[in-house]
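Here are my notes on the model you sent. They start with the ligand and then turn to the fold.

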Amino acid sequence: MIYDNHNRPITYLRLAVTDRCNLRCFYCMPEEGIKYLPKHQVLTFEEMERLVSVLARLGVHKVRITGGEPFVRSGLMNFMHRLAEIDGLTDLSMTTNGVLTAPHVAELAALGVRSVNLSLDTLDRDRFRKITRRDELPAVLKTLDALLAAGIQTKINAVVMEGQNTQDLIPLTELTRTLPVDVRFIEEMPFNGEGSHYPVLHWTHRRIVDEIRTHFPSLQKLPDPPFSTSANYQIPGHQGTIGVIAAFSRTFCGTCNRIRLTAQGTLKTCLYDNGVLDIRALLRRSNGPSGASDEELTAAFLQAFAHRPANGFEAEQQRSVVTESMATIGG
Ligand code: SAM
């Protein structure tokens, strides 16, 4: 197991397989004028597979596939099968918006994907269309049904946004009454692809919990699993649970075990950093001996892990203003 310079184990990789998306959530991307990466700048599946193998040998045992929307990249399921074969990888999961996911759920379950995060900010079709700029709520709900029917542990991720979907806090919480889902409410972060001002955070993790507790006074705190980003709760008698993620307040950095690889092969050791290593350049190096060896990749990873910021505030201070979309980072 590898530990960083703050004695945190590095065991979890979030891998963005594309920066493209079939939704246009306003808090993530502008409606138009998105400059997607040209294809040759995106890592190939072979490159990704190699990097995951190198990281698995360093002790990374969990990989979450994300994007952009993973299912807009063709060949995704074939890639998932190859990842499932990697020695040392014991936990393969995915974050998806659910628009194209339903037909693949049985195959995901068969290859051992135990947990899927489904992004769903509202249960109201009009609000869904307004937030995502696409009319795809029925397809997402179909995916939710398919995931539950397949017995895949399903986490619903909802970003809580003033003036947009705060009326959905309680209906989404209500889902936990009869469904074995984890509904997780996320503080909005500044990664909207426009470099505009940081949101004034009206809905902090505390306010979200207070609002739920007003409607469900019996709300109980649950013990949080190690490395959990969410503070977890349950309403007695409900099948599912509730999580609140202080993504902007950054209360969980002290136990952060995760790293991220963007679709273009940039390593991030903190969600808020500016990218700390260009792995694609190493992989595709053409001066000197072409292409880094596994040993060189390992050394580069270890060097990066030895210089992780203590938390998201330190990472943010070390960079210029945030301009990227979450779709390029992977969430
Ligand atoms: N397309 C997939 C999906 O929608 O789940 C995976 C990528 S998406 C960027 C991952 C997660 O990031 C989604 O749950 C999305 O809601 C979240 N996200 C995007 N922009 C965000 C922001 N500005 N603040 C908080 N969460 C954000």
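1. Which residue has a side-chain N or O atom 2.5 Å from an oxygen atom of the ligand? In this predicted model, that residue is Ser-119. The protein buries 94% of the 550 Å² that the ligand exposes when taken alone.

2. Glu-69 places a side-chain N or O atom 3.0 Å from a nitrogen atom of the ligand. Thr-96 uses its backbone instead: an N or O atom there lies 3.3 Å from a ligand oxygen atom.

3. Now the shell. There are 19 residues around the ligand, and Tyr-27, Gly-68, Thr-95, Ser-119 and Met-189 come nearest. By class, the shell has 10 polar, 6 nonpolar and 3 charged residues. Strand S3 (91-96) and strand S5 (153-160) are the elements that give it two or more residues.

4. On the sheet: it is open, with 12 strands and mixed pairing. The order is S7-S8-S9-S6-S5-S4-S3-S2-S1-S10-S11-S12. Strand S7 (220-221) and strand S12 (277-278) are the edges, each pairing on one side only.

5. S10 (residues 258-261) and S11 (residues 266-268) pair in the antiparallel sense, over 2 bridges. Leu-261 stands opposite Leu-267 in S11.

6. Two helices to check against the sheet. Helix H2 (residues 76-84) packs on it and touches strand S1 (12-16), strand S2 (62-66) and S3. The direction of H2 makes about 155 degrees with that of S3. Helix H7 (residues 205-215) lies across S5, strand S6 (182-187), strand S8 (230-234) and strand S9 (241-245). H7 runs at about 155 degrees to S9.

Key: Residues numbered from 1 in each chain as written. Predicted model: local features only at pLDDT ≥ 70, side-chain atom pairs only at ≥ 80, totals over all residues. Heavy atoms only, no water. Near = heavy atom within 4 Å. Polar contact = N/O pair within 3.5 Å; in protein donor to acceptor, adjacent residues only side chain to side chain. Areas by Shrake-Rupley, 256 points an atom, 1.4 Å probe, with all protein chains shown as cover. Helix = DSSP H or I, 4+ residues; strand = E, 2+ residues; numbered from the N terminus. Nonpolar A, V, L, I, M, F, W, Y, C, P; charged D, E, K, R; others polar. Pairing = 2+ DSSP bridges. Contact = heavy atoms within 4.5 Å. Axes fitted to C-alpha atoms, helices over the stretch in contact; angles between N-to-C directions.
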